[in-house]
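Open the model in your viewer and colour it by secondary structure.

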Amino acid sequence: LHEYVAYLRGQRLSESSVRTYYNFVLKLVDFIGEKPFAELTSRDVELFVEQRIAAENYAISTHRQCISAVKHFFELYKCADIETKDIFRPQKSRFLPTVLSKEEVIKLLQVTRNLKHRAILAM
């Protein structure tokens, strides 16, 4: 896993991404157990995603990060039966945030008594 971390840093990923990817690969290694990487199949990866990622109800963005971590891992350590391009990644969420009306913003500012908090909200 030290080589994997060095690979990620060589890809110029942020330290936060490196830590996140490392933790997901640790979960994958834990899930696989004693099975050698050379014997892994695409179904093993699918089961990992189904049982460890989807089952824990992670957000879509976190699920996508996990898939990226796994893909990077298998790009570094080629497994004969796993094609990284075939690993499914869910689509990004396309929900728009709720926007407050001008009246709601004014009411929010009026009920905020702390001057510092009011300034932060006004910004």
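Start with a term: a residue is called buried when its relative accessible area is under 20%. Keep in mind that this is a predicted model.

**Stop 1: the whole chain.** You will find six helices and zero strands. From the N terminus on, the order reads α-α-α-α-α-α. The radius of gyration is 21 Å, well over the 14 Å that the globule rule gives for 123 residues, so the chain is more spread out than a compact globule.

**Stop 2: the surface.** The chain exposes about 9000 Å². Carbon and sulfur atoms supply 55% of that area. Buried residues make up 27% of the 123 residues.

**Stop 3: the charges.** Colour the charged side chains. There are 19 positive and 15 negative ones. The centres of the two sets lie 14 Å apart.

**Stop 4: helix α4.** Select residues 60–76, which form helix α4. How far apart are its end C-alpha atoms? They are 25 Å apart, which agrees with the 24 Å that 17 residues should span at 1.5 Å a residue.

**Stop 5: inside α4.** Which residues of α4 are buried? Show H63 and C66, then the run I67, S68, A69, V70, K71, H72, F73 and F74.

Key: Residues are numbered from 1 along each chain as its sequence is written. This is a predicted model: local features need pLDDT of at least 70, side-chain atom pairs count only at pLDDT 80 or more; totals for chains, interfaces and linings use all residues. Side-chain values use heavy atoms; hydrogens and water are left out. Helices (H or I, at least four residues) and strands (E, at least two) are DSSP runs, numbered from the N terminus. The radius of gyration is taken over C-alpha atoms; the globule rule is 2.2 Å times the number of residues to the power 0.38. Buried means under 20% relative accessible area, exposed over 50%, partly exposed in between (1.4 Å probe, protein chains only). Accessible areas come from the Shrake-Rupley method with a 1.4 Å probe; for residues, only the protein chains shown count as cover. Lys and Arg count as positive and Asp and Glu as negative; His and the chain ends are not counted. The place of a charge is taken as NZ of Lys, CZ of Arg, CG of Asp or CD of Glu. The expected span of a helix is 1.5 Å times one less than its number of residues.
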